[in-house]
Amino acid sequence: MKLRRRQRERLSLWLQYLAFIAVIAVAIYAADWGRLRAAFFRVDIIESMFPTIITVALRNTILYTLGAFAFGLVFGTILALMRLSRVAPYRWVATAYIELFRGLPALLVLFLVGYGIPIAFPEREIPGGVFGSIAIGLGLTAAAYMAETIRAGIQAVPKGQMEAARTLGMSHFTAMRTIVIPQAFRIVIPPLTNELILLTKDSSLAYVLGVTAQTIEVTKFGRDMLNDRVNATPLLVAGLAYLAITLPLSQVVRRLELRYAKAR
């Protein structure tokens with residue numbers, strides 16, 4: 001009996017579902033749940049991690065992320081405007097910076113900020129101590145990516161908006177500040193939120209600056225507990241702590257993208 005096209009597609013879909021369920025069932029049956037529980041689900045270790053993982057490690061992770069995001073957003077906006085400037089040296093400097101810092105690993109930039117700046121300027125300290133170093137180190141890299149995102153958002157605003165503002169007597173600066181940039185930020189909120197998620201995970205690099213018990217972040221806290229208890233349960237808890245931040249942000253991104261798509 002020859003199946004119709006729609007019937008073949010439906011059969012193929014069901015076969016894929018069955019194959020997926022079969023793979024999951026085999027994995028569940030073949031796994032050694034006793035060893036997994038002992039290695040990743042030690043309740044006594046989980047209890048010993050609270051409340052410090054929330055009140056210290058997760059708090060610091062959020063602070064580092066927000067600090068880096070704020071620095072990157074401000075600096076990235078400046079770089080985006082320089083990229084769009086009519087002054088050629090501004091464009092050259094912004095382009096060189098963006099290409100350089102998008103090509104460097106965030107770990108290296110963080111290391112250079114944490115150790116290179118104090119060596120170059122021994123009589124000066126970065127404001128905020130470890131927090132300031134982490135915010136600037138991660139923010140410098142994030143700014144390069146945000147700059148391109150914001151530039152694309154500014155260019156996505158119809159040119160008629162600027163022309164109408166200039167017709168009303170606004171200066172170029174006033175029109176950019178009150179008309180173009182607010183609309184551009186509405187366009188780029190979803191990708192900027194994605195950058196916030198990436199910065200949340202990049203905050204795990206803070207360990208290179210020698211964090212203390214009061215400045216420790218989630219990953220370092222989990223690694224220290226792993227070494228202390230010789231068990232992988234702390235890494236699982238650390239992963240869940242990151243998910244507590246990133247999953248809600250991912251939902252926000254999806255909702256914003258849907259809202260923007262409907263608005264268009």
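User: In which helix does T61 lie?

Analyst: This is a predicted model: local features need pLDDT of at least 70, side-chain atom pairs count only at pLDDT 80 or more, and totals for chains, interfaces and linings use all residues. Residues are numbered from 1 along each chain as its sequence is written, and side-chain values use heavy atoms, without hydrogens or water. Helices are DSSP runs (H or I, at least four residues), as strands are (E, at least two), numbered from the N terminus. By that numbering, T61 lies in α4.

User: Is T61 buried or exposed?

Analyst: Buried means under 20% relative accessible area, exposed over 50%, and partly exposed in between (1.4 Å probe, protein chains only). T61 has a relative accessibility of 0%. T61 therefore counts as buried.

User: Which residues does T61 contact, leaving aside neighbours within four places in sequence?

Analyst: A contact here means heavy atoms within 4.5 Å. With neighbours within four places left out, the partners of T61 are T200, S203, E217, V218, Y242 and I245.

User: Where is T219, and is T219 buried, partly exposed or exposed?

Analyst: T219 has its place in helix α10. Apart from neighbours within four places in sequence, T219 touches S204 and Y242. Because its relative accessibility is 23%, T219 counts as partly exposed.

User: How far apart in space are T219 and I179?

Analyst: In sequence, T219 and I179 are separated by 40 residues. Taken from C-alpha to C-alpha, the distance in space is 42 Å.

User: What relative accessible area does T193 have?

Analyst: T193 is part of helix α9, which covers residues 172–202. Outside the four places on either side in sequence, T193 touches L249, V253 and L256. T193 is buried, because its relative accessible area is 12%.

User: Which residue has its backbone oxygen 2.7 Å from a polar atom of the T193 side chain?

Analyst: A polar contact is a pair of N or O atoms within 3.5 Å; within protein, one must be able to donate a hydrogen and the other to accept it, and residues adjacent in sequence count only if both atoms are side-chain atoms. The backbone oxygen 2.7 Å from the polar side-chain atom of T193 belongs to I189.

User: What is the handedness of the crossing of α7 and α9?

Analyst: Axes are lines fitted to C-alpha atoms, for helices over the stretch in contact, with angles from 0 to 180 degrees between N-to-C directions. The axes of α7 and α9 come within 8 Å and cross at roughly 140°. A crossing is left-handed if the near helix is turned anticlockwise from the far one by less than a right angle, and right-handed if clockwise. This crossing of α7 and α9 is right-handed.
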